[in-house]
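Keep the structure open beside you and look up each residue as it comes along.

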Amino acid sequence: MLAAILSLVVIVAALYALTQVGGVIALLFVAAVLFLAYRRLSLRAFTATFTVLLTAYTLLGAGGTAAFTWKMVLWALLAGLWLLNVRPLRKVLITRPFLRTYLKLLPRMSQTEKEALEAGTVWWDGELFTGAPRWQKLLAARPPQLSAAEAAFLEGPCEELCGMLDDWDITHERADLPPQVWEFLKSRGFFAMIIPKQYGGLEFSAYAHSCVLVKIASRSATAASTVAVPNSLGPAELLLHYGTEQQKDYYLPRLARGEEVPCFALTGPRAGSDAAAIPDTGIVTRGMWGGNEVLGLRLNFSKRYITLAPIATVIGLAFRMFDPERLLGGQSDLGITCALVPRHTPGVSIGRRHFPINIPFQNGPLQGKDVFVPLDFIIGGPAMAGNGWRMLVEQLSVGRCISLPSNTTGGCKAAVWATGAYARIRTQFNLPVGRFEGVETVIARMVGLTYTMDAARSVTAGAIDGGEKPSVPSAMLKYHVTEMGRQVANDAMDIHGGKGIMLGPNNYLGRGYEIVPVAITVEGANLLTRNLIIFGQGAIRCHPFVLREMSAARNPDRVAGVDEFDRALFAHVGFTISNAVRSFIMALTHARFTRAPVQGPTARYYQHVVRFSASFAFAVDVAMLALGGYLKKKEGLSARLGDVLSCMYLASMVLKHHENQGRQQEDLPVIEWACRNLLYHAQEQLHGFLRNFPNRPLAGVMRALIFPRGRIYSAPGDRLGRTVAALVTNPSETRERLGAYAYRSPAGANPLARLQEALLLAVQLEPLEKRIRVEGVKTGRVSALDLPGRIQQALAAGLISETEAAALRDYDRKVMDIINVDDFEPHELAAQLQPAARSSARIA
Ligand SMILES: Cc1cc2nc3c(=O)[nH]c(=O)nc-3n(C[C@H](O)[C@H](O)[C@H](O)COP(=O)(O)OP(=O)(O)OC[C@H]3O[C@@H](n4cnc5c(N)ncnc54)[C@H](O)[C@@H]3O)c2cc1C
């Protein structure tokens with residue numbers, strides 16, 4: 001509010017000052033200059049146009065002392081602008097001195113950090129850094145599609161698998177997948193979705209891979225985690241990109257047929273988030289292998305949390321490689337290296353299990369003591385020694401965009417599908433609970449977030465299929481989709497009340513809720529991802545000038561370096577000024593005059609994203625200039641800027657998804673909810689950034705240019721919430737689209753199918769229930785307290801027919817089957833651990 005008042009005062013004062021120095025002509029002059037900055041003219045074009053405008057203003061503008069002084073100031077400014085156009089001069093006067101200071105401020109970057117920064121491609125994320133994103137780049141992309149074979153796999157083996165999964169048996173009785181499911185997974189290629197057909201794999205698109213995970217995750221978190229790992233960053237992916245032909249020919253067909261089960265071991269007790277700090281070693285030495293003395297590695301390692309390790313036959317191992325005796329002829333510390341170690345290699349201890357929060361997918365520790373393997377076991381052979389970290393970060397982007405976002409979205413699709421129906425069939429206070437405003441708000445949030453997640457995972461998978469390896473979006477998806485998943489899981493539990501809490505064969509929510517921390521922690525724990533990675537990596541990687549400036553500054557060819565730095569620096573300055581102007585004008589006009597790539601009800605959201613893009617780009621430049629390397633330490637600021645970037649990215653995904661799905665009118669309330677939520681969140685995070693910015697005068701300037709009218713975006717309202725909730729508490733096209741790819745088949749008493757059946761009956765029988773209420777209960781002819789009693793009395797009173805009574809009884813039975821929870825004999829719940837196992841678990 002204060003900012004809005006201050007901005008208003010400044011604008012009025014500026015207008016008054018302008019009237020003193022030339023009235024309308026001065027106003028037109030300033031408007032024209034702002035327009036040029038808004039349209040981002042090059043320095044040369046800007047200078048030329050400015051000269052013409054200033055000449056016109058000098059000749060036509062009013063006279064007087066104030067106007068004369070003002071014109072002199074502007075002519076001096078113009079002289080400066082002309083000088084800036086003389087490149088040799090500006091290099092000497094500005095660029096070289098600035099470069100010297102810049103080099104002192106430039107944070108040192110380890111090879112590891114450099115490799116992480118250069119990994120992957122810059123896609124739509126880069127456009128959002130420009131302040132003027134080119135929507136065509138996003139909208140022109142083809143909607144992701146399944147091939148006939150992929151669709152058949154989803155409808156065939158994938159449905160069959162889901163029908164085989166009994167989650168209570170898996171999570172409670174057996175603490176594992178049953179043998180026939182393991183066999184099915186291996187033999188039907190579930191572990192080979194990323195392996196090319198030439199090696200016997202399925203060679204699925206990223207989108208198909210994602211849809212398979214969505215479906216399995218909507219049925220069983222344990223099965224989904226099991227399938228995700230071999231298809232993500234691990235032996236197959238690394239072999240495909242870096243393996244020698246011999247390694248590929250040997251391992252890939254075996255992995256595709258399920259004869260080998262892979263795991264990938266990076267994390268250890270001493271290195272979790274800071275994975276590059278692993279203390280595990282591989283020393284180059286001579287040893288015996290297959291009866292011959294060969295050059296190899298003596299490995300010592302201690303790893304934990306490794307998915308599939310207990311049953312893995314081949315271990316992808318990351319370690320630090322040393323060659324103290326220089327047997328390879330190069331340096332002693334070669335760096336992180338990845339090798340494939342067969343399970344039965346002497347010295348490997350493997351097989352024990354962790355118990356990841358009641359979701360018993362195979363996961364366990366793994367140690368190696370003086371394990372000897374030949375150098376050929378390095379992925380890519382000895383030539384790839386020391387390239388392990390680069391290999392990991394280069395390939396991380398693809399897997400991270402797919403595994404967790406898809407699994408989480410699958411779980412949330414099931415949760416929304418179930419909750420919408422449950423909230424309709426569960427009545428309290430004589431009303432379906434889903435009709436209470438407080439519950440509607442929560443259902444709407446579940447719908448809006450799930451739509452956002454689904455949009456993000458499918459549009460980004462489509463981009464991967466188009467050839468991108470989006471590294472910054474992969475971090476954004478990892479963090480935001482799993483955090484949204486956490487919210488949706490909580491909301492589903494709240495709405496189900498005790499029904500969600502009581503575990504047993506009839507519980508379809510509890511395990512999905514329990515697995516949330518796993519998704520939050522793996523593939524880059526969320527606190528780290530939000531605070532350090534999204535913006536930290538994005539700022540340098542996606543910014544149109546920063547990486548260019550950094551590499552120019554470090555260019556050993558001094559002359560070429562200064563030349564390139566000069567170009568980048570001046571383009572950067574113009575870019576920042578333009579973004580400041582764009583931010584101010586779009587904030588002032590609420591982006592009403594900003595060009596949108598589409599017409600109709602969604603056009604305004606495109607305009608708002610552009611407005612935030614300009615404000616964000618401006619804030620980023622000010623922050624980097626004012627704080628330099630210190631910005632990396634100010635994690636709170638980095639995190640908030642990362643949130644703004646992510647909100648713009650996710651809103652763009654929602655808009656593109658809406659286009660991809662054929663602009664479904666019925667979905668518009670959901671699009672509105674999702675976009676409002678994201679834009680509001682972007683505003684609040686930008687505001688939080690300004691409030692916490694250490695340089696207060698600069699924060700004030702930024703605030704005036706970013707929020708001249710204050711914070712005017714609001715979160716989705718209650719009325720919108722009601723409309724959105726109704727789309728899933730009733731049968732609708734939107735509900736169908738949201739549930740797409742979730743496992744909804746009626747086979748095997750699938751709870752999602754039972755809930756849908758009950759929902760359809762609830763809607764169909766609503767007039768009958770109303771008749772009993774209005775003509776029976778209100779008139780006193782029906783007095784029973786429960787539905788079976790009311791049906792009986794209504795039948796006796798002639799209010800309903802025999803057939804209608806039968807239909808209502810059938811409905812009531814089906815509803816109660818869903819609402820009822822399990823109970824057990826006390827001994828049935830006792831853990832069956834052996835005493836020896838207990839003690840060794842404690843010692844570990
Ligand atoms: C179920 C499960 C399966 C896994 N599977 C595998 C696998 O197959 N292979 C494998 O190699 N690893 C695997 N992991 C390991 C996983 O990648 C690590 O757990 C993860 O990297 C975090 O390490 P940590 O648990 O030791 O947490 P820590 O590193 O101890 O972190 C603790 C907390 O501090 C935060 N934090 C750390 N540094 C920062 C920072 N700079 N700024 C802000 N916050 C920070 C983290 O976000 C986290 O919240 C698995 C883990 C789990 C739980």
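The side chain of Thr 337 reaches the backbone oxygen of Gly 335 at 3.1 Å. A polar atom of the Thr 337 side chain also lies 2.8 Å from the backbone nitrogen of Gly 386. Both count as polar contacts, meaning a pair of N or O atoms within 3.5 Å; within protein, one must be able to donate a hydrogen and the other to accept it, and residues adjacent in sequence count only if both atoms are side-chain atoms.

Before going on, bear in mind that this is a predicted model: local features need pLDDT of at least 70, side-chain atom pairs count only at pLDDT 80 or more, and totals for chains, interfaces and linings use all residues. Residues are numbered from 1 along each chain as its sequence is written, and side-chain values use heavy atoms, with hydrogens and water left out.

Back to Thr 337, which sits in strand E5 (residues 333–342). Helices (H or I, at least four residues) and strands (E, at least two) are DSSP runs, numbered from the N terminus. Is Thr 337 buried or exposed? Thr 337 is buried, with a relative accessible area of 0%. Here buried means under 20% relative accessible area, exposed over 50%, and partly exposed in between (1.4 Å probe, protein chains only). Leaving aside neighbours within four places in sequence, Thr 337 touches several residues, among them Leu 317, Phe 319, Met 321 and Ile 378. Contact means heavy atoms within 4.5 Å.

Next, two helices. Helix H24 (residues 558–589) packs against helix H29 (residues 696–706) at an angle of about 50°, with the axes 7 Å apart. That makes H24 oblique to H29. (Angles under 35 degrees count as roughly parallel, over 145 as roughly antiparallel, 65 to 115 as roughly perpendicular and the rest as oblique.) On the H24 side, the contact is made by Ala 580, Ser 583, Phe 584 and Ala 587, and on the H29 side by Ala 704, Leu 705 and Ile 706. Sorted by type, the residues of this contact are six nonpolar, one polar and no charged.

Now for the rings. How many aromatic pairs are there? The count comes to 21. Rings of Phe, Tyr and Trp (its six-membered ring) pair if their centres lie within 6.5 Å; planes under 30 degrees apart count as stacked, over 60 as edge-to-face and the rest as tilted. Here are two of them:

| Pair | Centre to centre | Angle of planes | Kind |
|---|---|---|---|
| Phe 153 and Phe 190 | 4.9 Å | 50° | tilted |
| Phe 429 and Phe 436 | 6.0 Å | 85° | edge-to-face |

Phe 153 and Phe 190 are buried. Together with Phe 184 and Phe 204, they form one aromatic cluster. In the other pair, Phe 429 is exposed at 74% relative accessibility, and Phe 436 is partly exposed at 25%.

Last stop: backbone angles. Asn 430 has a phi near 65°, a positive value in a residue other than glycine. Asn 430 lies in the loop between strand E8 (427–428) and strand E9 (431–432), and is exposed at 61% relative accessibility. Arg 663, not a glycine either, has a positive phi of about 50°. Look for Arg 663 in the loop between helix H27 (635–660) and helix H28 (668–692), where Arg 663 is partly exposed at 40%.

Key:
Axes are lines fitted to C-alpha atoms, for helices over the stretch in contact, and angles run from 0 to 180 degrees between N-to-C directions. Ala, Val, Leu, Ile, Met, Phe, Trp, Tyr, Cys and Pro count as nonpolar, Asp, Glu, Lys and Arg as charged, and the others, Gly among them, as polar.
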